Amino acid sequence: MLNPELVWMTPVTVRMKDGAPQVFASVNDVLDFLEEDWASDRGGKYNRAVQTCRRALNRMTPVAIAREAFIEACRDAGMSTLADGPLGTKTGAGGQRSLA
């Protein structure tokens, strides 16, 4: 059985290392990004973000905790974040929204 999308009340905008902004609106999007596209070192904050996202998908951790762990991992990797995504963004690959 598939897990339904766990959407955050407030999206997170991350400025990638190449300068491009990406907007993440759900635990599902973040976990896909962390497991498939994460280009930075995978340290303790990265591992915590992956673990808390998986726990959130299994209803063992609040989605807000997973969101905060993701923000911490991004900042630890040198990516700036905004706690709210801009309006008028469009969806890109993997359910992530881009500002382009």
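Biologist: In this predicted model, is Arg-54 buried, partly exposed or exposed?

Modeller: The general idea is to compare the relative accessible area with two cut-offs, since buried means under 20% and exposed means over 50%, with partly exposed in between. Arg-54 has a relative accessible area of 44% and is therefore partly exposed.

Biologist: Which side chain meets that of Arg-54 in a salt bridge?

Modeller: Here one looks for a side-chain nitrogen of Lys or Arg within 4 Å of a carboxyl oxygen of Asp or Glu. The side chain of Arg-54 meets that of Glu-35 in this way, at 2.4 Å from N to O. The pair links distant parts of the chain, 19 residues apart, with Glu-35 in helix 1 (residues 27-37) and Arg-54 in helix 2 (residues 44-57). Glu-35, at 30% relative accessibility, counts as partly exposed.

Biologist: How many salt bridges does the count give by this rule?

Modeller: The count comes to 3 salt bridges. One of them joins the side chains of Arg-48 and Glu-72, at 3.9 Å from N to O. Because Arg-48 lies in helix 2 and Glu-72 in helix 3 (residues 63-76), this pair ties together parts that are 24 residues apart in sequence. Arg-48 is partly exposed at 35% relative accessibility, and Glu-72 is partly exposed at 34%.

Biologist: What is the salt-bridge partner of Glu-68, and is that partner, Arg-67, buried or exposed?

Modeller: Glu-68 forms a salt bridge with Arg-67, their closest N and O atoms being 3.3 Å apart. Arg-67 has a relative accessible area of 12% and is therefore buried, whereas Glu-68, with 39%, is partly exposed.

Terms used
Residues numbered from 1 in each chain as written. Predicted model: local features only at pLDDT ≥ 70, side-chain atom pairs only at ≥ 80, totals over all residues. Heavy atoms only, no water. Helix = DSSP H or I, 4+ residues; strand = E, 2+ residues; numbered from the N terminus. Buried < 20%, exposed > 50% of the residue type's maximum accessible area, 1.4 Å probe, protein only.
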